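Here are my notes for you, written as numbered points. Keep the structure open while you read, and find each piece as it comes up.

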Amino acid sequence: MRFGILTSGGDSPGLNAAIRGVTKTLYRRMPDAEMVGIIGGYTGLLEKQYREMKPEDFYGIMNLGGTILRTTRQPFKSMRDEEEPGLAKIDKIVANARELGLDCVIALGGNGTHKTANLLAQHGLKVVALPKTIDNDIWGTDETFGFHTATELGVEVVDRIYTTAASHSRVIVVEIMGNKFGWLALAVGLGSGAEVIVLPEIPYNIDKISETIFRRAERGRSYSVVIVAEGAYSVAEAGIKAKERVARRQSLGFSAVSAKLAKEIQEATGIESRAMVPGHYLRGGAPSAYDRILTTQFGTYAANLICEGSFGTTVAKKDGKITHNPLAEVAGKTKPIPPDHPFIQAARSTGVSFAD
Ligand code: F6P
């Protein structure tokens, strides 16, 4: 069989480990397997950026950050746009995959990647996907690879922020990526022992944050750390669409929700407050040991799906077991944090405020 493998969307630690897991297993299960590296995600299929790979191309990449195949964003909503007169993007991608003689496309990516992978399957291509994102927001799987490493990196950042907040008796607001949902912010907040965790799933009330900070100060802890998810917003902003929220914040001079929240906290408490955004730091570098194990499990499972002829599927981890879901079930679904999630329950039990 001749495989096309691609990585699409925001990169994450573990992509190369996942590539390694699936290709090494396929080479062992199918000694005559041909591997074509699609360069730059779906854009590579669109623009015929390919590389015939050899088994040795996948050696020694388990602990390598980023992706050896590079990646881009090809928004799903543009897939039906005309790439050429009378030819939609998706049709050009399918035609190029066929021209390349691909028997199967292996797609590593997040929600957008899964939606396009499902569209490719609907257009008759054999597709298997692996769930990648530091956001951990893919429906149907408890875990995506990259999430564990990003959590480790985020907790490491907050541990360091605590020492400088303590030195200066400040409140420092740390903004954590995660797109529309708060999974990564919740994990980093719980893992770092933050006093306040602000999630998109729970619009924040500044008075509740102030109460928590004052209560800490009364107990002699004159500093606090607040974790805010990049998609979070206040109760007052709850009725406003995301684009409008960002525009309003920018008109007030705020580049990010953390800057706005730090100013609001300082005004409400009188305590000097600062904001910091680790941003893409949480996507960089080598994967954690946990993610190397998870990606190897995902990769070998994906290879077995292919050997069993189970296409139009994506790998998942549910209740501790590696399994899979139909792409058609995953595509387009979202995965907000349930209000009674065990992480939220544990945080609340230790007195963490969710600003509600
Ligand atoms: O999906 C991963 C992610 O890091 C999100 O958490 C974040 O909102 C987005 O990608 C940033 O996108 P870009 O890397 O294109 O700036």
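1. In what order do the seven strands of the open sheet come? The order is β3-β2-β1-β6-β7-β12-β13, and the pairing is mixed. Strands here are DSSP runs of E with at least two residues, helices are runs of H or I with at least four, and both are numbered from the N terminus. Two strands pair if DSSP finds at least two bridges between them.

2. A quick word on what you're looking at: this is a predicted model, where local features need pLDDT of at least 70 and side-chain atom pairs count only at pLDDT 80 or more, while totals for chains, interfaces and linings use all residues. Residues are numbered from 1 along each chain as its sequence is written, and side-chain values use heavy atoms, with hydrogens and water left out.

3. Strand β12 (residues 313-318) pairs with β13 over six bridges, in the antiparallel sense.

4. β7 (127-131) has parallel neighbours: five bridges join β6 (104-109) to β7, and two bridges join β7 to β12. L108 has L130 in β7 as its bridge partner, while A129 stands opposite T314 in β12.

5. Is β7 buried or exposed? Five of its five residues are buried (under 20% relative accessible area, with a 1.4 Å probe and protein chains only). In a regular strand the side chains alternate between the two faces of the sheet. Here V127, A129 and P131 point one way, and V128 and L130 the other.

6. Helix α4 (residues 111-122) lies across β6, β7 and β12, at about 170 degrees to β7. Angles run from 0 to 180 degrees between N-to-C directions, using axes fitted to C-alpha atoms, for helices over the stretch in contact. β6, α4 and β7 make a right-handed β-α-β unit: with the strands pointing away from you, the path from the first strand over the helix to the second runs clockwise.

7. Finally, find helix α6 (residues 183-192) and helix α12 (residues 342-349), which pack at about 35 degrees with axes 10 Å apart. L186, A187 and L190 in α6 meet F343, I344, A346 and A347 in α12 (contact means heavy atoms within 4.5 Å).

Conventions
Buried means under 20% relative accessible area, exposed over 50%, partly exposed in between (1.4 Å probe, protein chains only).
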